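Please open the model in a viewer and keep the selection panel at hand.

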Amino acid sequence: MQIERLQVVLKPRTMWESADLGTKLAMRWFLPLSLSWVLLALPFLLISFQFDRFVIQLLFLWWFKPLYERAVLMTLSILIFDGRITLGGVLKGFADSRLWFYLTFFRLSWRRSENTPIDALEDLDFNTQSQRRNWLYAGDTRIALIVSLFGLMIEAIIVLAIISLFYFLTQSDFNSAYSGVLKILNINEISKEESIFLLIAVFLAMWVSAIFYVSVGFATYIDRRTIKEGWDLELGFKKIVNRLGVLALGVFLVLPNVDLIARESDAETDAILENVLDAPEFNQTKTITVPEHLSQYFQDMFKVEDDGPTRYRVGIGSTIFAWILKFLLIGALIVALVFFFYKFYATYGIGSSLRTGEKSEPSQTVRIRALPTNLVQTIREDWSNGRIRDALALLYSAAVVYIDKKFSCDILESDTEGECLRKTSTIDTESRDAFQEVTRIWLRLAYGNSKPSDEIFESALLRFEKHIVAP
Amino acid sequence: MNSETNNPSEELAFAADALNEISSSIRRVFIGQESVVNDLLRCFVAGGHVLLEGVPGLGKTLLVRALAACFSGETGRIQFTPDLMPSDITGHSIFNMKDSKFEVRKGPIFTNLLLADEINRAPAKTQAALLEVMQEQSVSIDDVTFQVTSPFMVLATQNPIEQDGTYPLPEAELDRFMIKSLIDYPDETTEANIVELTTKGKHSTSLNVDVIEPCVTIDEIGRLRRTTTLVEVDESVLSYAVRIVRATRVAPGISRGASPRASIATIAMARVAAMQEARSYVIPDDVKSVSLPVLRHRIALTTDLEIEGKNTDTVLEDLLSEIDAPRS
């Protein structure tokens with residue numbers, strides 16, 4: 001494989017990133033990959049029509065999936081290494097003996113997506129292929145399992161979607177369409193025409209899923225090789241060599257001398273190391289006894305584990321740290337959920353004003369204003385000093401506050417003058433008349449710019465004092 | 001009726017009397033639905049257009065004919081259907097073979113009161129044919145602009161049920177309706193009165209508006225409209241109206257608030273409301289009483305509230321109860 005011709009950026013990727021890369025590859029070369037798949041699978045579809053029973057037709061078409069996928073894999077491998085697609089190049093992948101195992105004993109293997117690239121692209125014998133797989137994936141088959149399950153799911157969804165779409169577009173009402181879908185899914189009583197239609201739907205679903213299935217498997221393979229074999233480093237060095245060809249040649253010419261110097265240095269270094277290691281400080285031993293559970297704790301704490309493919313060394317300390325992070329994350333999530341729930345409840349919940357129309361105290365019920373202690377005198381002073389509007393505004397506001405407080409009329413800040421009057425319709429006549437008088441002169445002045453005479457003002461003020469303010 | 005004077009008090013007294021007379025005349029044939037009649041009358045005098053929503057058979061056509069009969073006005077009725085073309089509304093020019101000239105044949109829009117029945121049954125382009133006339137009071141036919149007769153008002157009806165196959169009015173057109181009034185089923189007593197009035201002593205299934213004597217002239221309608229300008233609006237009342245409209249733009253549960261046109265419509269309607277009581281000034285009660293019909297078609301609720309079954313009226317009522325009335 002000429003990795004310098006690779007059409008993707010090589011770098012160590014996580015499991016999900018490599019799956020993402022596979023998806024991107026599938027989308028990028030969807031057309032040629034589809035073509036290779038269809039060309040191989042179409043004859044099998046046509047042959048499957050010859051069988052009488054739908055189950056056999058379906059089984060036949062499904063069983064040879066590894067064969068169609070092989071064509072996709074070979075096409076993808078050619079494309080990704082910037083090669084020219086030829087029939088010979090594609091057919092080369094079918095020479096692998098293990099392919100026949102995938103069509104027989106290993107047909108149900110869910111590791112096919114990641115194993116096939118090794119089998120088809122690396123010219124290895126049967127036993128070496130197994131060793132190679134074990135070494136490359138180191139037992140981490142999560143992505144292969146997920147891709148297999150996801151592929152199955154996607155196929156089922158696409159089949160169902162095609163059937164539903166067909167029936168819901170062709171039938172006049174919902175019930176007929178729904179019965180049609182149910183009928184076709186009952187494969188025991190399926191008609192010949194329906195079986196053909198269903199097989200075509202399965203074919204289309206297998207087509208779409210195969211492209212992504214193979215691409216993700218191949219991307220995982222490339223990623224594993226990048227990590228294990230340092231493809232990215234190799235490619236980097238190759239690029240440097242290409243760029244600095246002359247310099248590299250010079251370095252190459254100098255290399256024998258460097259090697260000589262290095263050999264001499266090595267002999268000296270070895271002698272020094274031997275002296276150091278023979279020194280008494282390096283031969284002292286001391287036994288420390290700790291309680292058993294503590295001993296285990298420290299062992300666990302400082303134990304170095306090799307997590308295989310991820311290449312991380314994880315000890316108990318890291319685990320604890322991870323747990324703390326996890327709890328913090330879950331805690332933050334719970335707090336966020338509570339906050340959003342509270343916000344939603346406050347807006348639309350049972351107790352919200354929007355839902356019930358109930359009024360919250362501070363903004364809705366009439367506010368007890370800071371009325372002056374000598375209220376009547378202040379109003380009168382305002383009036384006599386020409387602050388007519390201030391005087392009547394204070395008179396009216398005070399009247400509303402006193403009426404609300406005295407008769408519990410439940411007057412709200414949003415109540416207009418007319419609404420306030422309606423709410424005072426049940427109070428005693430003198431108080432109501434006094435309030436009406438105050439309201440009338442207030443309305444005329446405030447909105448009609450009609451100043452009441454001094455007599456009217458004085459009369460209203462007196463009635464306010466007598467019937468509204470007085471207990 | 002007496003002639004127009006320069007005395008505002010006399011003009012306001014005339015306006016109040018005229019409005020009361022029109023209202024009483026309409027109620028002789030259109031039983032119940034006081035609020036609808038009131039809204040319609042206010043909107044008519046304020047120079048706006050009405051969107052009526054109600055199920056069929058509640059007397060929407062009768063209401064229009066009754067209003068027209070009050071001032072001997074012309075009425076036109078267009079049944080909106082999916083195949084209705086804009087030229088079916090506005091009119092078109094045809095070639096006269098005799099004179100070898102194009103001549104304009106005016107559409108039913110050239111009338112005083114136009115009933116656009118089930119407006120949401122016609123596609124958007126046909127609905128849009130009403131836009132120009134509603135806003136500019138003019139119609140363009142083949143590059144020639146014609147003024148519609150004055151007074152002119154569009155009363156469009158919508159059926160709240162059977163929404164399948166309808167074309168909801170676009171926001172731009174909705175906004176051009178000054179108010180949206182809801183006609184609901186009458187109560188039992190009112191319905192009994194309607195049946196009695198319709199069937200007693202005659203072989204008929206519909207009410208006749210011939211019993212309505214014209215109580216004002218078309219000129220007097222113009223006079224009524226001019227009188228609205230005599231009604232003063234204090235700064236605090238203006239601010240109150242604007243606060244109500246602005247609150248619809250920030251209120252939770254409302255996804256689309258009302259435009260400034262709503263504030264203008266509120267004040268215009270409130271002025272007529274004040275005029276009905278021969279008052280020369282608008283009070284906060286006038287503003288509040290017209291807020292619902294002015295705002296209900298100009299706001300859109302969020303999906304959450306719609307799912308909960310809330311309607312625009314309840315949301316607006318809640319909103320109005322949260323806005324402080326002017327007190328100083």
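Begin by selecting Asp410(A), which counts as exposed because it has 12 C-beta neighbours inside 10 Å. (A residue is buried if 20 or more other C-beta atoms lie within 10 Å of its own, exposed if 12 or fewer, and partly exposed in between, with C-beta atoms placed from the backbone.) Asp410(A) lies in the loop between H19 and H20 of chain A. Its phi is positive, about 60 degrees, although Asp410(A) is not a glycine. Most residues other than glycine have a negative phi, and most peptide bonds are trans.

Before going further, note that this is a predicted model, in which local features need pLDDT of at least 70, side-chain atom pairs count only at pLDDT 80 or more, and totals for chains, interfaces and linings use all residues. Residues are numbered from 1 along each chain as its sequence is written, while chains are lettered from A and ligands numbered from 1 in the order in which they are written.

**Chain A**

Of the 471 residues in chain A, 24% are buried.

Next, select Leu395(A), in helix H19 of chain A. Is Leu395(A) buried or exposed? Leu395(A) is buried, because 25 other C-beta atoms lie within 10 Å. Leaving aside neighbours within four places in sequence, Leu395(A) is in contact with Ile379(A), Val438(A), Leu461(A) and Phe464(A). (Two residues are in contact if their C-beta atoms, placed from the backbone, lie within 7 Å.) Thr439(A) is 44 residues from Leu395(A) along the chain, and their C-alpha atoms are separated by 9.2 Å.

Now select helix H1 (residues 15-28) and helix H11 (residues 192-229) of chain A, whose axes come within 7 Å and cross at roughly 130 degrees. That angle makes H1(A) oblique to H11(A). Axes are lines fitted to C-alpha atoms, for helices over the stretch in contact, and angles run from 0 to 180 degrees between N-to-C directions. Angles under 35 degrees count as roughly parallel, over 145 as roughly antiparallel, 65 to 115 as roughly perpendicular and the rest as oblique. Among the residues that meet here are Leu21(A) and Leu25(A) in H1(A), and Phe212(A) and Phe218(A) in H11(A). By class, this contact has 9 nonpolar, 5 polar and 1 charged residues. (Ala, Val, Leu, Ile, Met, Phe, Trp, Tyr, Cys and Pro count as nonpolar, Asp, Glu, Lys and Arg as charged, and the others, Gly among them, as polar.)

**Where the chains meet**

Display both chains. In this complex, 22 residues of chain A are in contact with 25 residues of chain B. Which helix gives the most to the side of chain A that touches chain B? H21(A) does, with 4 residues. The residues of this side divide into 8 nonpolar, 10 polar and 4 charged. The predictor gives the complex an ipTM of 0.81 and a pTM of 0.56.

**Chain B**

Select chain B, which has 13 helices and 11 strands. Of its 328 residues, 43% count as buried. Chain B averages a pLDDT of 87, and 96% of the residues score at least 70; pLDDT is the predictor's confidence in each residue, from 0 to 100. Among the elements of chain B, helix H11 (residues 284-295) has the highest mean pLDDT (95) and helix H12 (residues 303-307) the lowest (76).

Lys288(B), Ser291(B), Leu292(B) and Leu295(B) in H11(B) meet Asp313(B), Leu316(B) and Leu320(B) in H13(B). The residues of this contact comprise 4 nonpolar, 1 polar and 2 charged.

Proceed to Ser255(B), in strand E10 (residues 254-256) of chain B. Ser255(B) is partly exposed, with 13 other C-beta atoms within 10 Å. Beyond its neighbours within four places in sequence, Ser255(B) is in contact with Ala300(B), Leu301(B) and Thr302(B).

Two backbone features complete the tour. Select Gln33(B), in the loop between helix H1 (8-29) and helix H2 (34-46) of chain B; its phi is near 55 degrees, a positive value in a residue other than glycine. Gln33(B) is buried, with 23 other C-beta atoms within 10 Å. Finally, select Ser150(B) and Pro151(B), which are joined by a cis peptide bond with omega about 0 degrees. Pro151(B) sits in the loop between strand E7 (144-147) and strand E8 (153-158) of chain B.
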